[in-house]
Amino acid sequence: VFRSESGIVSTVAESHDIQQAVNYFHLDVQSGPHSPDAYKSSRDTDRGSGCSDAGDDNVFRYDDGDRRLAYRIAIAGGLASLDRVECAWDGTAWTERSVVNIADALDATGPTVVEADVIDANGDDEVDRVEMVFAQRHGDEVVAATPRAEVGVAASRGECADDPLEATQNFMTFVEGDVHVDGSQVKQSLAVGGSFSFEGNVSVGQNMNQPSEYPVTPGYTNASLLVGRVDWTTTAADGNGSATLHGGTDGVFVDASNTDRTAQGQNVRVFELGDGNEKPVIKVQNGGVVHQDVSPISFPDAFADLRLCSDLMAALPAGCSCARMVSLTNVNGGPYEGTAANDSVKLVLQPGVANVLNVPIANMDQLHDIKWSSLFPLPSAPLIINVAGGPDLTFTPPQVQGAGRTAEAIVWNFPNVTGTLTITGGGGDGVWGTVFAPYADVVADVKVEGGVVAENLVFSGSSINPSRSFDGTIDWD
């Protein structure tokens with residue numbers, strides 16, 4: 001009954017329109033050119049219609065080399081629709097490559113339906129902001145974005161090194177806040193800036209047989225677990241938990257005020273209370289050491305760097321010769337636009353640069369597997385997959401040809417997910433590559449063949465980072 005009420009129907013439709021606009025418009029502008037001369041907006045009389053230079057149906061358009069992107073409006077009666085049109089240059093003319101409906105419930109009864117404005121606030125021929133205003137029944141909505149290429153690599157909110165994961169200091173799963181692990185294997189190292197809780201049988205660091213290969217700095221060359229504090233209350237409430245640190249690896253407990261260290265044989269067990277036999281328990285096996293110390297890492301500073309890296313990778317390749325958009329054998333470059341369920345693509349990668357694939361989440365649902373035309377991802381030719389969508393997102397990972405060590409050169413970047421990123425399902429083989437979601441709470445129940453960077457993490461029933469953390473570099477200069 002409620003669903004059929006006209007007011008509710010209108011509100012849901014308007015909410016959907018704004019969500020679509022946020023998902024697409026932000027990423028389009030963030031990856032767009034920074035010169036105002038590349039843009040046409042509502043202020044311009046020659047803004048064209050779709051891919052054509054003729055007409056005035058476009059409210060927004062930009063040209064970036066051999067790529068043109070336009071937002072085109074169509075009005076029928078009292079309603080208007082807005083389409084995102086992506087164009088390609090065939091050598092003689094611009095042709096439509098894809099059309100995606102963004103909004104279809106806009107109020108066309110007033111003088112303004114949709115308007116866009118490209119703002120150069122400082123008059124320095126640099127785009128500071130692009131705004132799009134939507135007329136809706138209850139009032140205007142504004143969506144704004146900035147070309148991310150104009151965010152300095154050494155901006156005040158952080159720095160991004162050639163290795164975009166440098167701030168993790170070789171902890172392969174790196175979380176700013178809290179982590180809860182349920183019956184899983186964290187096969188390499190785990191750093192938790194907040195509280196660590198667990199249930200079931202959890203193991204940490206079992207693949208750290210050569211800790212010097214990934215030294216954790218400063219001060220600990222074989223730390224498999226760094227935690228701000230252990231949340232024994234949550235751990236005890238969740239059951240009879242046991243977390244075991246692999247032999248020869250260390251645990252670093254920043255707030256050890258609620259733990260006792262009880263030696264049993266050659267193992268060390270960490271308890272909240274008890275006589276050494278009860279659970280929950282953290283066991284550090286033979287050769288390991290428990291450190292009760294101040295944190296060797298400033299997590300706020302590290303995440304300022306990591307979030308900037310996420311932003312900058314989302315903007316690639318704009319303004320940077322260090323990267324290029326990958327070509328697809330079934331779509332001639334640009335973002336992947338899925339066309340059918342169980343779709344498959346072959347990516348044409350180039351050596352010596354970061355290869356970038358932008359995927360709207362609506363099309364990710366159709367992407368069943370990724371294959372390679374010839375070159376596999378390499379540390380010197382990494383693959384950055386920017387997944388557009390948010391603030392909450394459910395991610396079903398596709399299969400990846402070759403998998404294995406290619407995962408060390410693949411990073412899945414989620415720059416717009418500021419709520420919860422849920423990773424589930426997929427081709428049965430989990431995520432191949434590192435999940436880079438420094439703004440998000442990540443909830444995952446599939447294997448991750450790489451690291452995880454997240455604000456908070458809940459991980460259950462599988463394994464994470466078995467020797468396949470991202471090892472690529474980006475030459476920002």
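Modeller: Happy to. Leaving aside neighbours within four places in sequence, tryptophan 412 is in contact (heavy atoms within 4.5 Å) with Met364, Ile370, Ile385, Val387, Phe395, Pro398, Val431, Trp432, Gly433, Thr434, Val435 and Phe436. Before we go on, this is a predicted model, where local features need pLDDT of at least 70, side-chain atom pairs count only at pLDDT 80 or more, and totals for chains, interfaces and linings use all residues. Residues are numbered from 1 along each chain as its sequence is written, and side-chain values use heavy atoms, with hydrogens and water left out.

Colleague: Thanks. Which residues have the most contacts inside the largest nonpolar core?

Modeller: Leu347, Trp412, Phe414 and Leu421, in a core of 61 residues. A nonpolar core here is a set of buried Ala, Val, Leu, Ile, Met, Phe, Trp, Tyr and Cys residues joined through side-chain atoms within 4.5 Å. Buried means under 20% relative accessible area, exposed over 50%, and partly exposed in between, with a 1.4 Å probe and protein chains only.

Colleague: And which strand gives the most to this core?

Modeller: Strand S32, residues 434-444, with five residues. Strands (E, at least two residues) and helices (H or I, at least four) are DSSP runs numbered from the N terminus. Another core, of 32 residues, lies apart from that one, and Ala167, Phe299, Cys309 and Ala354 are among its members.

Colleague: Which way does S29 run relative to S26 and S32?

Modeller: Parallel in each case. Strand S26 (residues 383-388) pairs with S29 over four bridges, and three bridges join S29 to S32. Two strands pair if DSSP finds at least two bridges between them. As for partners, asparagine 386 is bridged to asparagine 413 in S29, while tryptophan 412 has valine 435 in S32.

Colleague: Switching topic: which peptide bond is cis?

Modeller: The one from leucine 316 to proline 317 is cis, with omega near 5°. Proline 317 sits in the loop between helix H3 (299-315) and strand S21 (323-325).

Colleague: What about phi for glutamine 169 and asparagine 170?

Modeller: Both are positive in residues other than glycine: phi is near 50° for glutamine 169 and near 70° for asparagine 170. Glutamine 169 is in the loop between strand S8 (139-145) and strand S9 (173-175), and asparagine 170 is also found between S8 and S9.

Colleague: Why does asparagine 170 count as partly exposed?

Modeller: Because its relative accessibility is 34%.

Colleague: And glutamate 449, buried or exposed?

Modeller: Glutamate 449 is buried, with a relative accessible area of 7%. This residue is in strand S33 (residues 448-449). Its side chain makes a polar contact of 3.3 Å with the side chain of lysine 447; that term means a pair of N or O atoms within 3.5 Å, where within protein one must be able to donate a hydrogen and the other to accept it, and residues adjacent in sequence count only if both atoms are side-chain atoms.

Colleague: Last one: what is the strand order in the open sheet of four strands?

Modeller: S22-S23-S25-S28, with mixed pairing. The edge strands are S22 (327-328) and S28 (399-400), each pairing on one side only.
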